[in-house]
Number of protein chains: 2
Amino acid sequence: MTDLFSKFDALIQQRETLLSTGQRDPFSLVMEEVKSPTVAVVNGKETILLGTYNYMGMTFDPDVIAAGKKALDDFGTGTTGSRVLNGTYQGHRECEDALKEFYGFDHAMVFSTGYQANLGIISTIAGKDDYVLLDIDSHASIYDGCAMGNAQIVPFRHNDIEALEKRLKRLPEEAGKLVILEGVYSMLGDVAPLKEMVRISKEAGAMVLVDEAHSMGFIGEHGRGVAEEQGVMDDVDFIIGTFSKSVGTVGGFCVSNHPKFEVMRLVCRPYVFTASLPPSVVATAATSIRKLMHGSEKRAHLWENSRKLHAGLKALGFTIGTDEPQSAIIAVIMPDLEGGAKMWESLLNEGLYVNLARPPATPANMTLLRCSLCAEHTSEQVDEILGMFERAGKATGII
Amino acid sequence: MTDLFSKFDALIQQRETLLSTGQRDPFSLVMEEVKSPTVAVVNGKETILLGTYNYMGMTFDPDVIAAGKKALDDFGTGTTGSRVLNGTYQGHRECEDALKEFYGFDHAMVFSTGYQANLGIISTIAGKDDYVLLDIDSHASIYDGCAMGNAQIVPFRHNDIEALEKRLKRLPEEAGKLVILEGVYSMLGDVAPLKEMVRISKEAGAMVLVDEAHSMGFIGEHGRGVAEEQGVMDDVDFIIGTFSKSVGTVGGFCVSNHPKFEVMRLVCRPYVFTASLPPSVVATAATSIRKLMHGSEKRAHLWENSRKLHAGLKALGFTIGTDEPQSAIIAVIMPDLEGGAKMWESLLNEGLYVNLARPPATPANMTLLRCSLCAEHTSEQVDEILGMFERAGKATGII
């Protein structure tokens with residue numbers, strides 16, 4: 001027998017070598033207890049969470065939890081069916097209504113994961129003779145949607161307006177074109193120049209899809225994301241988002257004003273051929289989305305946290321991925337993978353969890369300690385976090 | 001602008017024509033209330049559910065619901081992170097432990113949907129120079145896993161042992177080969193000849209993946225599926241399954257005894273780049289799986305229901321997809337799409353929900369009314385169902 005796993009031998013070896021040095025494995029942590037959106041117990045130790053996507057801290061909101069429990073009682077634990085057969089309950093419709101209201105769009109379609117939303121929408125709307133233009137730093141689910149579909153893929157340099165314009169101009173005028181952008185790019189937490197990019201895309205006859213996964217809930221006056229902040233909501237054809245970040249559960253969605261959008265429910269394979277979300281999940285999502293509409297105070301506090309952490313880390317001598325805080329993600333650039341892994345472990349020993357991001361997942365093959373702030377972090381917690389960074393940075397020689 | 005939706009115009013037109021006749025839309029039903037695994041309210045009318053995948057009726061099990069509510073209180077509504085970062089909670093490990101125990105396998109990996117389990121495992125383990133052999137009636141998620149991956153795809157005729165053998169013999173001896181089979185095929189509810197197919201696959205040096213989505217919980221002595229029933233558990237390399245059928249919630253999994261299996265957690269993109277399941281979902285899944293281990297009475301009753309419905313429909317003069325009941329799915333073959341749609345609507349008016357399956361999703365372009373039985377259907381409900389089929393069949397002239 002030819003072992004299909006032999007292709008992973010080099011990786012397995014590399015990993016064993018790393019762990020044999022005594023380095024803690026950054027990719028197999030278990031949250032033994034979770035006490036709040038910002039505190040968990042890891043390896044028996046109380047730990048501040050600074051590496052979740054729980055931006056708005058909705059996961060322990062009493063109304064949201066109550067909605068989930070009620071749906072368990074009323075509708076049971078699952079639908080055991082696809083949205084197009086027996087898997088559309090009242091709650092799925094209510095969740096889509098909440099999304100339509102949140103964004104002010106005509107159509108909303110809920111997917112079982114955010115990954116499947118990108119996979120499904122991209123692979124379905126862009127067909128064989130169409131072109132998909134995407135930023136090279138796009139999320140894996142966007143690349144996977146391209147891999148599953150049949151369109152021609154045209155990548156362009158990250159956040160580079162001219163590069164996008166050049167590529168658009170090279171394409172046949174009559175061809176279908178889809179430009180895919182993200183509001184916030186998750187590795188460095190930087191924001192896309194949507195205003196310019198949407199304008200040149202529309203001028204070139206392209207449709208525009210914006211993934212607002214890392215901006216929903218706290219960017220823009222109503223938390224609709226970067227498209228709202230930059231005033232281009234009306235020119236965006238599709239907004240993709242997720243329930244597993246600011247909304248605080250799991251699932252994905254696409255909203256659109258396209259008059260033919262509802263046909264997606266019949267032709268989008270990752271929507272049709274998958275079980276719908278459990279009633280408790282759509283109930284928590286709908287409740288959370290409606291609360292996010294009135295979350296301006298939380299939004300303001302999240303921004304305070306972001307600015308405070310960014311300024312504090314900079315003052316300590318760390319190198320940050322963006323000159324100014326552009327989102328709730330503050331990426332601290334490490335000198336190399338070895339130093340980054342040590343710093344990550346040192347912070348964990350201090351009682352702080354951040355995300356270690358390493359090549360090849362990172363731009364320019366950087367090693368990053370990615371910090372994601374939450375609206376539920378108190379100002380005192382941010383002070384504490386800065387103290388931990390200072391001690392760990394000095395202990396590892398990074399500052 | 002070239003409208004990317006113009007490719008769907010013919011379908012939109014076709015659908016509008018169908019619905020303009022007054023035919024109720026089989027693909028946009030809403031379950032307004034769900035009273036039990038077998039009864040819902042649809043369009044204000046109490047309706048028996050005979051078209052769910054709720055085979056073991058676990059969705060309203062009080063222990064399962066209680067586990068979901070406790071997890072909401074203890075761990076919140078979501079993890080807001082990937083399994084490899086902050087998204088592995090105690091409950092995800094417990095759910096994987098339950099799966100290992102259920103199957104008696106060394107490794108278990110939980111995905112956020114069953115669709116992503118097939119997508120991820122297939123596209124990751126079968127690489128550029130490998131071959132994937134699959135039954136032409138395979139589920140969409142299997143085909144989509146092939147489309148996303150880079151292996152050579154070799155389809156073979158449904159459940160045809162010789163066809164599989166011939167294709168295996170044509171492939172280079174040294175090449176990596178993955179044979180993908182399903183325990184039960186969902187359209188007709190027929191079972192694969194796993195014993196012979198697994199043997200010839202192993203003889204040809206192939207690895208074998210069996211999708212037991214529609215057999216887990218009630219086929220085999222311990223409900224492990226067709227591989228257990230046919231005595232080939234030890235020769236199967238990967239079992240894929242879902243939480244959205246017998247288990248009663250949402251999610252997917254792969255179990256394996258392969259010593260290198262854990263590397264999947266690092267390289268399988270639909271596992272890495274997606275948020276993990278909410279704590280309440282894995283808690284309900286783990287509780288349900290443990291109860292299914294002791295579900296032999298429920299299993300026996302489900303089989304009684306299946307035999308009774310199969311015999312009853314046959315006696316009424318309907319044409320069934322399989323000569324004998326082979327699973328919990330009884331597929332009633334309709335003369336054509338028009339007749340099938342009328343019969344489906346007539347049953348719904350009687351107060352019975354079944355699945356209408358139509359070309360191109362069906363084998364040999366048949367139109368099917370797919371009935372899926374539940375262990376919670378009472379014998380009286382099955383009688384009632386047969387009465388409804390008789391009346392609707394006569395009214396539509398199908399019997």
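**Entry 1**

Two strands count as paired if DSSP finds at least two bridges between them. Helices (H or I, at least four residues) and strands (E, at least two) are DSSP runs, numbered from the N terminus.

I noted that this is a predicted model, in which local features need pLDDT of at least 70 and side-chain atom pairs count only at pLDDT 80 or more, while totals for chains, interfaces and linings use all residues. Residues are numbered from 1 along each chain as its sequence is written, chains are lettered from A and ligands numbered from 1 in the order in which they are written, and side-chain values use heavy atoms, with hydrogens and water left out.

Which residue of S3(A) is the bridge partner of Val42(A)? I found Lys45(A). Two residues lie between the strands of this hairpin, and Asn43(A) takes a positive phi near 50°. S3(A) is also joined to strand S15 (residues 352-353) of chain A by two bridges, and these two strands run parallel. There, Leu49(A) has Tyr353(A) as its bridge partner.

**Entry 1. A sheet and a helix in chain B**

I traced an open sheet of four strands in chain B, in the order S1-S2-S3-S15, with mixed pairing. Strand S1 (31-36) and strand S15 (352-353) of chain B stand at the edges with a single partner strand each, so one side of each has no neighbour in the sheet. S1(B) pairs with strand S2 (residues 39-42) of chain B through four bridges in the antiparallel sense. In S2(B), Val42(B) is the bridge partner of Met31(B).

I then recorded that helix H14 (residues 379-395) of chain B lies across S2, strand S3 (45-49) and S15 of chain B and runs at about 105° to S3(B). Contact means heavy atoms within 4.5 Å. Axes are lines fitted to C-alpha atoms, for helices over the stretch in contact, and angles run from 0 to 180 degrees between N-to-C directions.

**Entry 2. Asp25 of chain B**

I located Asp25(B) in the loop between helix H1 (9-20) and S1 of chain B. Is Asp25(B) buried or exposed? Asp25(B) is buried, since its relative accessible area is 12%; buried means under 20%, exposed over 50%, and partly exposed in between (1.4 Å probe, protein chains only).

I found a polar contact of 2.5 Å between the side chains of Asp25(B) and Arg15(B). A polar contact is a pair of N or O atoms within 3.5 Å; within protein, one must be able to donate a hydrogen and the other to accept it, and residues adjacent in sequence count only if both atoms are side-chain atoms. The side chain of Asp25(B) makes another such contact, of 3.2 Å, with the side chain of Ser28(B). Leaving out residues up to four places away in sequence, Asp25(B) touches Arg15(B), Leu19(B) and Trp344(B).

I checked helix H5 (residues 140-148) of chain B: seven of its nine residues are buried, so the helix is largely enclosed by the rest of the structure. Among the buried residues are Ala140(B), Asp144(B) and Met148(B).

In chain A, strand S4 (residues 107-111) has five of its five residues buried. In a regular strand the side chains alternate between the two faces of the sheet. I saw that His107(A), Met109(A) and Phe111(A) lie on one side of S4(A), with Ala108(A) and Val110(A) on the other. Five bridges join S4(A) to strand S12 (residues 252-256) of chain A in the antiparallel sense, and Val110(A) has Phe253(A) as its bridge partner.

**Entry 3. The two chains together**

I noted that a rotation of 180° with 0.0 Å of shift along its axis superposes chain A on chain B (RMSD 0.0 Å), by least squares on the C-alpha atoms of residues with pLDDT of at least 70 in both. That is the relation of a two-fold axis. In chain A, the C-alpha nearest the axis belongs to Met148(A), 2.3 Å away from it.
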